[in-house]
Amino acid sequence: MNLVFFASVATLSIAIAVNIRKNKKDQAAIEQDFWAREREANSTRRKSLDDLDYIRLPMETFPMTLLEDVPKVEDYKQIILTLKDLPIVNFTGISNTELKLRYGAPNIDLLTQYDQNYTLLVRTLQQWAQLLYDAGYLTEACQMLEFAVSTGTDISSTYRLLCRIYKEQHTPEKIGSLYPIAEVLNSAMQKTIVRILQEADQSAD
């Protein structure tokens with residue numbers, strides 16, 4: 001019995017050792033590929049940014065005259081007023097290496113700023129919409145959230161609040177229109193957001 005036990009342990013030890021060596025080789029290959037792509041990216045010349053999917057703010061849909069006595073809302077308005085004149089692009093899920101390969105290494109600082117503008121935009125829209133919702137302005141909150149979703153935001157609370165508004169406005173069928181956007185999000189949050197929609201759908205039945 002002991003021989004069988006020791007033979008099993010030896011076999012398991014060999015299997016583990018082989019697996020560790022394989023994982024090390026795989027990791028080394030991944031790192032080698034990464035640095036090769038990074039060297040190529042860093043040597044990529046500047047390219048035109050004219051084809052970027054710039055986001056234009058629909059200023060006419062933002063409720064600039066509501067909740068004027070709420071300091072946070074005034075802060076959000078000022079952020080939006082500043083952003084409307086800046087380039088905004090959603091690069092969620094795209095690495096700096098990929099950006100440099102697509103648009104050239106000299107453009108990376110600009111592209112990073114464009115993406116930071118986007119992050120600030122969707123966070124501001126979510127926070128502003130939440131305050132509007134809490135104050136009873138469901139229609140205005142809905143408009144802001146729908147715009148955020150149309151830009152491909154991956155803020156899960158945006159989808160959750162929008163689903164809640166649809167149900168409270170007795171239009172739960174609109175939840176279905178969010179799936180095509182959520183299912184193609186290039187984000188680690190994609191599955192979570194789809195699950196939020198599914199749960200909202202089920203609770204609306």
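Colleague: How do the residues of the lining of the largest pocket divide into nonpolar, polar and charged?

Modeller: They split into 8 nonpolar, 7 polar and 3 charged, with Asp, Glu, Lys and Arg as charged, Ala, Val, Leu, Ile, Met, Phe, Trp, Tyr, Cys and Pro as nonpolar, and the others, Gly among them, as polar. It's a predicted model, with local features needing pLDDT of at least 70 and side-chain atom pairs 80 or more, while totals for chains, interfaces and linings use all residues. Numbering starts from 1 along each chain, and side-chain values use heavy atoms, without hydrogens or water.

Colleague: Which residues are closest to the centre of the largest pocket?

Modeller: D53, V89, N90, F91 and T151, out of 18 lining residues. The space in the largest pocket is about 300 Å³.

Colleague: What makes E74 and K77 a salt bridge?

Modeller: Their side chains meet at 3.1 Å, N to O; the cut-off is a Lys or Arg side-chain nitrogen within 4 Å of an Asp or Glu carboxyl oxygen, so the pair qualifies. The two sit 3 residues apart in helix 2, so about one helical turn separates them. The whole structure has 3 salt bridges.

Colleague: At what angle do the axes of helix 2 and helix 4 cross?

Modeller: Roughly 145°, with the axes of helix 2 (residues 71-83) and helix 4 (residues 108-134) coming within 10 Å. The crossing is left-handed. Among the residues making the contact are Y76, I80 and L83 of helix 2, plus L121, W128 and L131 of helix 4. That contact divides into 10 nonpolar, 3 polar and 2 charged residues.

Note on methods. Axes fitted to C-alpha atoms, helices over the stretch in contact; angles between N-to-C directions. Helix = DSSP H or I, 4+ residues; strand = E, 2+ residues; numbered from the N terminus. Left-handed = near helix turned anticlockwise from the far one by under 90°. Contact = heavy atoms within 4.5 Å. 1 Å grid on protein atoms, 1.4 Å probe; cavity = no way out; pocket = protein on both sides within 12 Å on 5 of 7 lines; lining within 4 Å. Points joined across faces, edges and corners; volume = space filled by probe spheres on them.
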